[in-house]
Amino acid sequence: MEEYRDQRRTDERGLYYRNSGRCDFIRLPLVWIGLALAMVVGAVVYSAVQRYMPSAYGRIFVTLGFGVGIGALASVMLLWAHNRNNVIKFLTGLVAALTALWLAWGFWAIFWYQDAKLFSMDSVWVMHPQVLLNCINEALNTEHYLTVGSTDHSGWSMLILWVAEAVGIIGGCMWMLFRMFRSRSFCEHCGIWTKNTFVSYHLSNKFDHGEMRSQLEQHDFNGLKNLPMFTVSPEYTQVEIQKCACGGTYLLSLADFLVTSPPGAKEIRKRTGIVEKLYISEEEAQALAGHFKPA
C-alpha cells in the first residue's frame, strides 16, 4: 500500500497545487482488470442496441453515451487507485476506449453474422483482428450493407460511419476522463481527494485579472473581498475553496463564468480560470468563507 507523506506538491514557485505523479500500484492492476470486464459487458450491450436501433439520432446518442460511460468508469476507478499520474491517466483512458471500440465492432459482427451466438467458437474467431478486418472489408465492398434510419450505407459512407463512431467513443471517453479529474486534488498527507467545501455568491468580474492574481499569490485578499456581489448576471466571478478530510490542504480557485441559454436547451456555463488551486492556510480559508456567503 502506498505511504503518504506530509509534503506539498507545488509548482516551481511553491504556490499552486500540482499532481505528484504517484499512484497506488497495488490498486492499479485491479483497475485494469475491472475495466476489462466492464468493457466486455458494455460492448455486448452497446452492440446489441446498435444492431437493432432503428433511429439514426438514437445511434448517435448511444455512441456518445457509451464513450462517456467508459470515461466516467475509468475516472472513478483511477480515483479509487489514487492516481495522480497524467501519463497513466491518459494511457488507461485511451487503451480502455480502443479496447471498447474493438470489442464493440467484434460483437457487432457477431450479432450480424452469427445471429448473436456470443459463445460459439465461430464467434470467438470473429474477435481475431484479421477476421474482424475481413468483415469490415466485406462491409465496405457490399452494396446496401447497412440501413440507418432511411439511409443505406456501403463503401465509403460505411467507412465514414465507422470513423465517426470511433471518434465519438474515443472522444467521449477522453473528454469525460479529463473533465472528472480537472477539479480533483490529492492531499499527500492523509491520502484523500479534496472536495469543494465553499462556493461564493456571484461576484463582479470587472477587475484586472493579472493584478488580482498577483495580489492573491502574495496572500493579499483585500481586492478580492472588495468585489461587489451580483444578483443576476450572465457574466460573473466565483470563489471556490477545496479542502481535504484532515484539514491539512486548503486550495483557493477564482474563475470567471459566462452563462448562455440556447433556445430549447439547457443553459451552458463556460468557466475560465483566473487562479487555480492556490495553497492557502486554514485561517485564510475560514476568513474568506466568512466574508463571502455560500451560493
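1. Is Ser-75 buried or exposed? At 0% relative accessibility, Ser-75 counts as buried (buried means under 20% relative accessible area, exposed over 50%, partly exposed in between, with a 1.4 Å probe and protein chains only). Ser-75 sits in helix 2. Beyond its neighbours within four places in sequence, Ser-75 is in contact with Met-176, Leu-177, Met-180 and Phe-181 (contact: heavy atoms within 4.5 Å).

2. This is a predicted model, where local features need pLDDT of at least 70, side-chain atom pairs count only at pLDDT 80 or more, and totals for chains, interfaces and linings use all residues. Residues are numbered from 1 along each chain as its sequence is written, and side-chain values use heavy atoms, without hydrogens and water.

3. Now the helix pair. The axes of helix 1 (residues 27-52) and helix 2 (residues 56-80) come within 10 Å and cross at roughly 170 degrees. Helices are DSSP runs (H or I, at least four residues), numbered from the N terminus. Helix 1 is therefore roughly antiparallel to helix 2 (angles over 145 degrees). The residues of their contact divide into 17 nonpolar, four polar and three charged.

4. Next, the cores. A nonpolar core is a set of buried Ala, Val, Leu, Ile, Met, Phe, Trp, Tyr and Cys residues joined through side-chain atoms within 4.5 Å. The largest has 34 residues, and Leu-35, Phe-66 and Ile-70 touch the most other members. Helix 1, helix 2, helix 3 (86-113) and helix 6 (155-182) each supply at least two residues of this core. Helix 3 gives the largest share, nine residues. Another core, of 22 residues, lies apart from it; Phe-207 and Phe-292 are among its members.

Technical notes. Axes are lines fitted to C-alpha atoms, for helices over the stretch in contact, and angles run from 0 to 180 degrees between N-to-C directions. Angles under 35 degrees count as roughly parallel, over 145 as roughly antiparallel, 65 to 115 as roughly perpendicular and the rest as oblique. Ala, Val, Leu, Ile, Met, Phe, Trp, Tyr, Cys and Pro count as nonpolar, Asp, Glu, Lys and Arg as charged, and the others, Gly among them, as polar.
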